[in-house]
Amino acid sequence: MTLPVVAGVDGSEPSLRAVDRAADEAALRGAPLRLVYASLWERYEGGSVARDIGEPDEEVMAEDVVRAAERRARTRQPAVHVTGEVLPEEPEYALVRESRSARLVLLGCRGRSGLTEALLGSVGVMVAGHAHCPVIVLRGDDDQARSGTRGRVVLGVGEKPAGSAAVRFAVEEARLRGVPLEAVRAWRRPAHAMTGHPLMTGEPGHEGERQAAETLEEALSDVPGDLPVRRRTLEGRPRDALLAAARDAGLLVVGARRRPGHYGLQLGRVAHGVLHHAACPVAVVPEQEPA
């Protein structure tokens with residue numbers, strides 16, 4: 001059985017962008033699309049779907065949101081099998097559970113308290129940090145969010161690249177889209193090398209860059225030879241390096257280490273930072289830590 005692409009919908013503009021992108025992702029993979037509206041409230045609050053179906057805001061129900069999203073997805077990708085469901089529970093818990101039997105989960109970038117497009121909301125952070133499959137959060141402008149086939153794929157290479165699920169996912173995404181892969185590894189110059197002392201400069205920096213290059217080679221050792229790959233070692237903080245490298249990318253891919261039995265926040269500082277500040281869609285890929 002082909003696992004579905006799952007998209008969380010709530011009728012907002014960000015979630016409608018997620019529907020568009022999810023339909024494209026499903027078509028790209030030959031997978032079905034499952035649309036999920038999860039909320040403890042029966043009624044929908046907002047204006048986007050109300051305008052589409054010609055009903056007052058107060059008369060739009062959750063089922064209306066799902067049906068409208070289904071029609072939108074089928075119009076965009078007629079060949080994709082689309083289903084939808086309303087789940088009476090908190091969206092973060094519903095989507096994490098859905099991720100157990102999904103190939104990919106897509107979310108629109110929706111914050112709260114006036115931060116809708118500035119910072120990722122709590123649902124996105126929770127799902128990205130606990131999902132059992134890759135999660136794409138649609139940061140960036142409308143064109144970047146909706147288009148699944150433009151722009152290179154940028155991969156942030158972590159400390160433990162051997163057998164990395166994030167590397168495998170980034171390679172697959174680049175091949176599916178027919179775009180180049182850009183692998184980025186950040187490195188930092190030792191603090192004493194920044195003092196300017198003539199005996200403490202030069203070599204430490206070169207050593208850090210050399211180690212970063214070796215880590216890149218290890219991470220990319222199994223990449224198929226027909227995939228165009230660019231290797232970049234950038235000096236600076238990993239989060240800042242990735243944000244700069246992915247400014248005009250189609251997708252930024254990072255890994256998230258998962259510790260068995262740990263139920264707290266699972267995202268590291270780098271993944272958390274790019275989810276809040278990236279200028280393009282971000283894919284968070286779970287990396288299972290040994291027990």
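Helices (H or I, at least four residues) and strands (E, at least two) are DSSP runs, numbered from the N terminus. This is a predicted model, in which local features need pLDDT of at least 70 and side-chain atom pairs count only at pLDDT 80 or more, while totals for chains, interfaces and linings use all residues. Residues are numbered from 1 along each chain as its sequence is written, and side-chain values use heavy atoms, with hydrogens and water left out.

R21 belongs to helix α1 (residues 13-29). R21 is buried at a relative accessible area of 0% (buried is under 20%, exposed over 50%, partly exposed in between, with a 1.4 Å probe and protein chains only). A network of salt bridges links R21 with E25, R29, E173 and R177; a salt bridge is a side-chain nitrogen of Lys or Arg within 4 Å of a carboxyl oxygen of Asp or Glu.

The structure has 25 salt bridges. One of them joins D248 to R152, with the closest N and O atoms 2.9 Å apart. D248 lies in the loop between α9 (238-245) and β9 (251-258) and R152 in the loop between α6 (142-146) and β6 (153-156), so this pair ties together parts 96 residues apart in sequence. D248 is exposed at 57% relative accessibility, whereas R152 is buried at 19%.

R185 and E159 also form a salt bridge, their closest N and O atoms being 3.1 Å apart. R185 is in strand β7 (residues 181-187) and E159 in the loop between β6 and α7, so the pair connects parts 26 residues apart in sequence. R185 is buried at 12% relative accessibility; E159 is exposed at 67%.
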